[in-house]
Amino acid sequence: MVDSLKKPAFEEMRPGVKVPAKETILTPRFYTTDFDEMAKMDISVNEAELRAILEEFRTDYNRHHFVRDAEFEQSWESIDGETRQLFVEFLERSCTAEFSGFLLYKELGRRLKDTSPVLAECFNLMSRDEARHAGFLNKALSDFNLSLDLGFLTKSRKYTFFKPKFIFYATYLSEKIGYWRYITIYRHLEANPHHRIYPIFRFFENWCQDENRHGDFFDAIMKAQPNILNDWKARLWSRFFLLSVFATMYLNDIQRKDFYAAIGLDAREYDIEVIEKTNETAGRVFPLILNVNHPDFYKILDICVKNNEKLTAIVSSKTPKFLQFFQKLPFYLSNGWQFLRLYLMKPIDTASLEGSVR
Ligand SMILES: [Fe+2]
Ligand SMILES: [Fe+2]
């Protein structure tokens with residue numbers, strides 16, 4: 001009895017194989033793109049930098065990094081109750097996000113092989129890294145007696161179609177935000193080792209360097225296509241993608257603040273730090289960044305957090321579905337309105353800072 005109370009039950013599709021979390025607007029997305037358009041891309045203006053990045057990928061600094069050591073070989077029953085639930089959720093989300101990168105890069109490597117060999121090899125080597133990351137996380141899930149069926153995920157997930165330039169904005173940001181998320185957790189636990197309740201966090205230092213290199217690759221690709229960075233449309237889209245990525249992370253993490261608390265982090269402070277750093281980094285390539293220090297920025301995001309709490313409560317209530325729709329509507333509208341308010345906040349121009357220290 002005590003056991004069943006302490007161990008959260010997960011829905012399994014086969015013994016030990018977890019039913020994937022339901023897809024929502026906040027879950028990691030799978031992407032597909034216009035492969036022909038990408039294959040026709042001319043990268044000659046920045047080919048030297050792309051070749052240098054390819055050399056780095058070939059060096060494969062993390063070849064021997066992702067090896068589970070003796071510290072994993074113990075019972076993890078001590079992580080129980082809600083913390084266990086949150087841990088499994090964290091591992092699943094991370095694994096799904098890494099795996100989605102693997103699938104996209106693998107396919108790009110395959111489709112670009114004949115027309116654009118430098119890019120194709122870069123994508124293949126990045127898919128190698130993401131496969132390692134996803135595999136390492138899936139192995140970690142097995143410490144909690146679960147795993148994800150990645151083949152099933154490949155077939156069952158919906159794929160979002162983005163034109164190549166949007167793929168670049170989105171993957172650039174997800175790699176860079178991934179870098180800042182991993183390194184921030186790593187540094188926090190290095191300073192506070194008593195909060196490191198599971199060994200995977202020790203691997204984050206080298207791991208995040210992979211993400212950083214991946215981000216640099218997309219930075220170099222965008223610089224090879226200056227037309228996607230320097231017109232008025234690029235300015236509007238940069239704002240949109242920065243805001244979407246920051247808002248999604250913020251809503252997800254605040255909702256799971258107990259997970260961060262379990263490793264001694266305040267989710268809100270952690271997110272503010274990661275957003276600040278990612279925004280600053282993005283200024284090296286995007287023509288503008290968001291004014292995340294505006295006194296209203298997080299206040300508005302917090303309204304969305306409250307709206308989402310209300311939405312979750314409605315969905316889990318016993319109210320009939322058609323009535324739920326009307327209950328949910330004002331909160332959806334409010335979220336849309338808050339997003340628009342954030343979007344319309346005056347951004348910080350980085351194009352005009354060109355040449356100064358950034
Ligand atoms: Fe990764
Ligand atoms: Fe990556």
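Predicted model: local features only at pLDDT ≥ 70, side-chain atom pairs only at ≥ 80, totals over all residues.
Student: Glu 98 and Glu 211: buried or exposed?

Tutor: Both Glu 98 and Glu 211 are buried.

Student: Which residue bridges the two iron ions, ligand 1 and ligand 2?

Tutor: Glu 130 bridges them. The two iron ions lie 3.5 Å apart.

Student: New topic. How is the protein divided?

Tutor: Into domain 1 (19-228) and domain 2 (231-351). Their centres, taken over C-alpha atoms, are separated by 22 Å.

Student: How many residues are in contact between the domains?

Tutor: On the domain 1 side, 31 residues are in contact with 32 residues of domain 2. About 3000 Å² is buried between the two domains. Carbon and sulfur atoms give 72% of that area.

Student: Which residues of domain 1 lose the most area to domain 2?

Tutor: Leu 26, Leu 173 and Trp 180. Together they make up 22% of what the domain 1 side buries.

Student: How many salt bridges are found across that interface?

Tutor: The rule finds 2 across the interface of domain 1 and domain 2. Over the whole structure, the search finds 26 salt bridges.

Student: What does Arg 202 pair with?

Tutor: Asp 69, in a salt bridge at 3.0 Å, N to O. Arg 202 is in the loop between helix H7 (164-191) and H8, and Asp 69 is in the loop between helix H3 (47-59) and H4, so the pair ties together parts that are 133 residues apart in sequence.

Student: How accessible are Arg 202 and Asp 69?

Tutor: Arg 202 is partly exposed, at 31% relative accessible area. Asp 69 also counts as partly exposed, at 26%.

Student: And Glu 77, what does it form a salt bridge with?

Tutor: Arg 84, with the closest N and O atoms 3.9 Å apart. Glu 77 is partly exposed, with a relative accessible area of 35%. Arg 84 is buried, at 3%.

Student: Where do Glu 107 and Arg 111 lie?

Tutor: Both are in helix H4, 4 residues apart, about one turn of the helix. Glu 107 counts as partly exposed at 22% relative accessibility, and Arg 111 counts as partly exposed at 40%.

Student: What about Arg 256? Which residue does it form a salt bridge with?

Tutor: Glu 89. The closest N and O atoms are 2.4 Å apart.

Student: Last one. Which residues are linked in a network of salt bridges?

Tutor: Asp 60, Arg 63, Arg 128, Asp 129 and Arg 132 are linked in such a network.

Key. Residues numbered from 1 in each chain as written. Chains lettered and ligands numbered in written order. Heavy atoms only, no water. Donors = N, O, S within 2.8 Å, 3.2 Å for Na, K, Ca; no water. Buried < 20%, exposed > 50% of the residue type's maximum accessible area, 1.4 Å probe, protein only. Domains from an automatic or database assignment. Contact = heavy atoms within 4.5 Å. Buried area = accessible area lost by both parts, 1.4 Å probe. Salt bridge = Lys/Arg side-chain N within 4 Å of Asp/Glu carboxyl O. Helix = DSSP H or I, 4+ residues; strand = E, 2+ residues; numbered from the N terminus.
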